[in-house]
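I open these notes to record what I looked up, entry by entry.

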Amino acid sequence: MIAAILSADTVTVLLAAAVLALLAICMAWVLGWANRRFRVQVDPKVEILTAVLPGANCGGCGFVGCGEYAEAVARGEADVTLCAPGGTACAKQLAEIMGVDVEETWPYRAVVHCAAGSGDRLGRFFYEGESTCAAANLVGGVQGCTYGCLGFGDCTRACRYDAIHLVDGLATVDYDKCIGCKACANACPRNIITMVPFKAEQMVVIACSNRDKGPDVKAVCNVGCIGCSGCTRRCEVMAMDGNLPVIDYDRYDESGFATALEKCPRESLTYIGKPTPEDLAAVAGEAVPDRIEADFKTTVDETEWRG
Amino acid sequence: MDTFIILVQIAIGAALINNFVLHYFVGICPFLGVSRRIDTAFGMGCAVTFVISIAALLSWTFTYFILRPDAPLPAWVWRTAGGDPGTTIDLSVLSYIMYIFVIASSVQFVEMYVRKFFPPLYKSFGVFLPLITTNCAILFACLEIMKHLQDPTKLWGLHEALTLAVGGGVGFTIAITLMAGIREELEMCDVPKPLAGAGISLITAGILAMAFMGFTGVDKGIQRTLEVWFK
């Protein structure tokens, strides 16, 4: 008999292998049957579209995640150009899959339309309330300018990509990190952050939101736009909207701004964006410490207690 | 009636006294991961209960007939092969791989089922449905059943195994739903920065576990009451 040739251990091993193999076959058969029985008809386009999208699930397109956006695109309800992190390349691929033409799109990035550091803001009062912009915005007279950045960092907290920080009390975008998800623009209670199509690494923007007349602006800010309309006369893509110039980014052409930039009496018309090679060269010589030593002061030492 | 009392004891024991999550600390990943909202938490609890029941059914069957030391199948094979009746063939080494296999397959099955018939539930589960595969609560239930199939003199029947599984699943549902309720309230609270997020969740889970220690001894009381009833 078999038992005479094989020991009990060998039979155990063989039996174990046989049992597992049998189990595998049974399970595979059951799952295969279930796969056919419970098949869900998914538009194959959705899967391809989802694969093309970046998968950051940032919500910048207005949908819950990349998957929802892909479904909306497949249904034809959403535009293919809504994905800010994916940019032009992504929009092109989406358009190709959907079989539609796409105009060239530009990456939209957040721009803070205010240039006033804490020293430039006049008429600022000591504010003891909750230190959020949303709360401070409800209180009149936190600072003279009722349009500009409040500097309590709602945008910084809204940003999931560490791309906007308070520099000297002013929200400043780090364009190396910004993906254009619009979270900061939604968080800003004064709506001074807008999304601007970045057609170049450096864009000309109007860094002021104050719509008051010149003297009123001068009374509350050292750098705000006084609405002299000098730039609009020198540059054809700019136009006055009340007391504030606006740039028509559809017709944006960098060469037209040269004289306008030069003649702006305030610092309101300015370049922002990633640092240029010249900027980097200017700070290249400065020594960057290899290691930052901690100073053993507690954070409580200099904290100003509020409320 | 003895059987009934034992079943009640097993169920109460698995659901409350030795709650899988709060007493044995198994199944913590979905317990913390899907306990943000009550409705998804309850759905997760139901899915785990379902999978745990299927897994218990299959694992009891396999263990009883194949894996336990005196299982009929290996013995029959050994006899048919003409082996010496004195030696036994013990396949219990296969238990872990077999259980994982069974659990993974039934999770896959449940995922297909839910996707077909409950798409919103499928969406809210997201990545956590496949995670049930590695949910130690289910493996724990299988191993607990195996433990009670080792001693040939007092073997667990299928009814006892299923009661343990369903009880454990209900216990998991209770624990995760309680946790979700507390965490929904916590959203409104001003948690100190260093404790926010995972920290306060784990503290909450710990306090919940301590609260569940209060159930210790309840089974004895229930047993006495039932015995008096059925006398």
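Is Thr49(B) buried or exposed? I find Thr49(B) buried, because its relative accessible area is 14%; buried means under 20% and exposed over 50%, with partly exposed in between (1.4 Å probe, protein chains only).

I note that this is a predicted model, in which local features need pLDDT of at least 70, side-chain atom pairs count only at pLDDT 80 or more, and totals for chains, interfaces and linings use all residues. Residues are numbered from 1 along each chain as its sequence is written, chains are lettered from A and ligands numbered from 1 in the order in which they are written, and side-chain values use heavy atoms, without hydrogens and water.

I placed Thr49(B) in helix H3 of chain B (helices are DSSP runs of H or I, at least four residues, numbered from the N terminus). Leaving aside neighbours within four places in sequence, Thr49(B) is in contact with Val166(B), Gly169(B), Val170(B) and Thr173(B), contact meaning heavy atoms within 4.5 Å.

I turned next to the interface. There, 28 residues of chain B are in contact with 26 residues of chain A. The two chains bury about 2,200 Å² between them, 85% of it on carbon and sulfur atoms; buried area is the accessible area (1.4 Å probe) lost on putting two parts together, summed over both. Phe101(B), Phe109(B) and Met112(B) supply 22% of the area that chain B buries against chain A, more than any other three residues.

I then listed the elements giving two or more residues to this side of chain B: helices H3 (38–67), H4 (72–80) and H5 (95–117). H5(B) gives the most, with 12 residues.
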